[in-house]
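Okay, thanks everyone, let's get going.

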Amino acid sequence: ETVYLNYIQNVNFYHNNINATGVGTGLYYVSGSGQNINLINNNIKSNGYSIDVINPAAIDQINYNNYFTSGATLARWNNVDRPTLIALQGATGQDANSLSVDPQYQSSSDLTTLASSIAGAGFDLTAVVPTDINSSIRTIPVSIGATQYSAAFAKDGSLSRIITPLNSCSLTNATDVRVEITNLGAASISG
């Protein structure tokens, strides 16, 4: 686990960027004795569960977070796997404004977020957290995560993979090329 929380009370866990680069969980909460824990405006990226909450009764508010995993199951809540954001939202009864997109960190050690869809998607906590991790003033609309920034593009796509051809050795101007595009932005991409 990258962030392991146990027996904590009255904690506001706001505006964090988590990058679990191993196979473990991004954020793990285990205690049955905690209470009044608020998780808002966090980017949690993992190769395993993005979040695993064993005792959900301790969580008071959970919303406006971005959960992303490169693994098969997005989250675990109350000892049950939640493979998608919709499943997690149903389990928490909250998270209506949370997202599940790759935050596109600069690198494994520089967690500056690049994904346009996260810029401006947060909840206004400027009265409590007026500056970001770089001491920049948080503006409205507020970004999810540790860094405040503006979306680079409304339509922001990334080439995920080349479907065909399998190699480029026999390409001609008549060769059909098929690719998969991942939408990283806030607006739909079509056409």
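So, let me begin with Asp 102, which counts as buried because its relative accessibility is 18%, and the cut-off for buried is under 20%. Keep in mind that this is a predicted model.

What does Asp 102 form a salt bridge with? The partner is Lys 45, and the closest N and O atoms are 3.1 Å apart. That pair ties together distant parts of the chain: Lys 45 sits in strand S6, Asp 102 in the loop between H1 and S12, and 57 residues separate them.

By the rule used here, the salt bridges come to two. The other pair is Asp 81 with Arg 76, at 2.7 Å from N to O. Here Asp 81 has 37% relative accessibility, so it counts as partly exposed.

Which strands does S6 pair with? Strand S3, residues 17-20, runs parallel to S6 and is joined to it by four bridges; in that pairing, Ile 18 has Ile 44 as its bridge partner. Strand S9, residues 66-69, also pairs with S6 in the parallel sense, again over four bridges, and there Asn 43 stands opposite Asn 66.

Now the inside. The largest nonpolar core has 21 residues, and Leu 27, Leu 39, Ile 51 and Tyr 67 are the ones touching the most other members. Two or more residues come from each of strands S1, S4, S5, S7, S8 and S10, and from helix H1, residues 85-92. If you zoom in on Tyr 67, leaving out residues up to four places away in sequence, its contacts include Ile 44, Ile 51, Ile 62, Leu 85, Leu 88 and Val 101.

Last stop, the surface. Which residues make the nonpolar patch of about 630 Å²? They're Leu 159, Ile 162, Leu 171, Val 177, Val 179, Ile 181 and Ile 189. Strands S12 (157-164) and S13 (178-183) each supply at least two of the patch residues, and Ile 181 has its place in S13.

That's what I had, so over to you for questions.

Terms used. Residues numbered from 1 in each chain as written. Predicted model: local features only at pLDDT ≥ 70, side-chain atom pairs only at ≥ 80, totals over all residues. Heavy atoms only, no water. Pairing = 2+ DSSP bridges. Patch = residues over 30% accessible without salt bridge, like charges linked within 9 Å, V, L, I, M, F, W, Y side chains within 5 Å. Areas by Shrake-Rupley, 256 points an atom, 1.4 Å probe, with all protein chains shown as cover. Salt bridge = Lys/Arg side-chain N within 4 Å of Asp/Glu carboxyl O. Core = buried A, V, L, I, M, F, W, Y, C linked by side-chain atoms within 4.5 Å. Buried < 20%, exposed > 50% of the residue type's maximum accessible area, 1.4 Å probe, protein only. Contact = heavy atoms within 4.5 Å.
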